Amino acid sequence: MDMKVSNIPAERQKLVDQTMARVAQIERTHGVTREAVNMMKDELMQLATHKHLFVVPDEFQPAKRGTFKDFVAYRLNKDDGTPRALYVSLALPGKSSPPHNHNNWAILVGLDGVETNKLYKVDPKDGFKQIDQIDVGQGVGVALMGEDIHSIHVQGRGDEPVWQLRFYERALEDQTDRVQFDEKGNTELFPPNPNTKDAAQG
Ligand SMILES: [Fe+2]
């Protein structure tokens, strides 16, 4: 096996472990506030600069078109006694989700390709409305508190996946209380995508 390729999981794990230690320190110092989650986003942005450790097509394959809503997430962080879960995700162009919250904080950072995030709020006067749009691509991230509402719209062409780091307060499979919204603000439960796998750890 090529030496460089075989070192990727170990090199990646080392940086992931270091990032998770810094995230834990942020939470110890600042608690779970919007400011703290934005600081965690900055750590993830730094991690994402090591793109070659995450965008590894030989190691991570996208979902087969038409299965699992065209999405897969490979878990990167080790169990450190917290529910926090870091993934590298691959989504196929055209995939979208309805507006939803997470009921836990969520951080998305682009690696390759673009996923448009639309942000919404429920206003007592104006009802449900879009308030922002962020094209999450390389060097761009978004941090969401549990009550924040977003929808995603994966850009690109063909079956070329869009790659991201996704970091959550709780593992995707445990996000069973997410709520989705229609344009009138009506709500229903938004079940998690079950297509998660474990990345090789170095
Ligand atoms: Fe989401």
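What share of the contacts in the protein chain between residues at least 6 apart in sequence joins residues at least 24 apart? The value is 75%, where two residues are in contact if their C-beta atoms, placed from the backbone, lie within 7 Å. The model is predicted, so that local features need pLDDT of at least 70 and side-chain atom pairs count only at pLDDT 80 or more, while totals for chains, interfaces and linings use all residues. Residue numbers start from 1 along each chain as its sequence is written.

The protein chain contains 2 helices and 11 strands; these are DSSP runs numbered from the N terminus, with helices as H or I of at least four residues and strands as E of at least two. Along the sequence the pattern is α-α-β-β-β-β-β-β-β-β-β-β-β. With a radius of gyration of 17 Å, close to the 17 Å that the globule rule gives for 202 residues, the protein chain is as compact as a globular protein of that length. The radius is taken over C-alpha atoms, and the rule is 2.2 Å times the number of residues to the power 0.38. Taken along the principal axes, the C-alpha atoms fill a box of roughly 60 × 45 × 25 Å. Buried residues make up 35% of the 202 in the protein chain. A residue is buried if 20 or more other C-beta atoms lie within 10 Å of its own, exposed if 12 or fewer, and partly exposed in between, with C-beta atoms placed from the backbone.

Three strands form an open sheet in the order β5-β4-β7, with antiparallel pairing. The edge strands, β5 (127–136) and β7 (149–154), each pair on one side only. On average, neighbouring strands of this sheet are turned by 25° against each other, direction ignored; the axes are lines fitted to C-alpha atoms, for helices over the stretch in contact, and angles run from 0 to 180 degrees between N-to-C directions. Pairing requires at least two bridges found by DSSP between two strands. Strand β4 (residues 115–123) pairs with β5 in the antiparallel sense over 9 bridges, and K118 stands opposite Q133 in β5.

K69 is partly exposed, with 14 other C-beta atoms within 10 Å, whereas D70 counts as buried, with 22 C-beta neighbours inside 10 Å.
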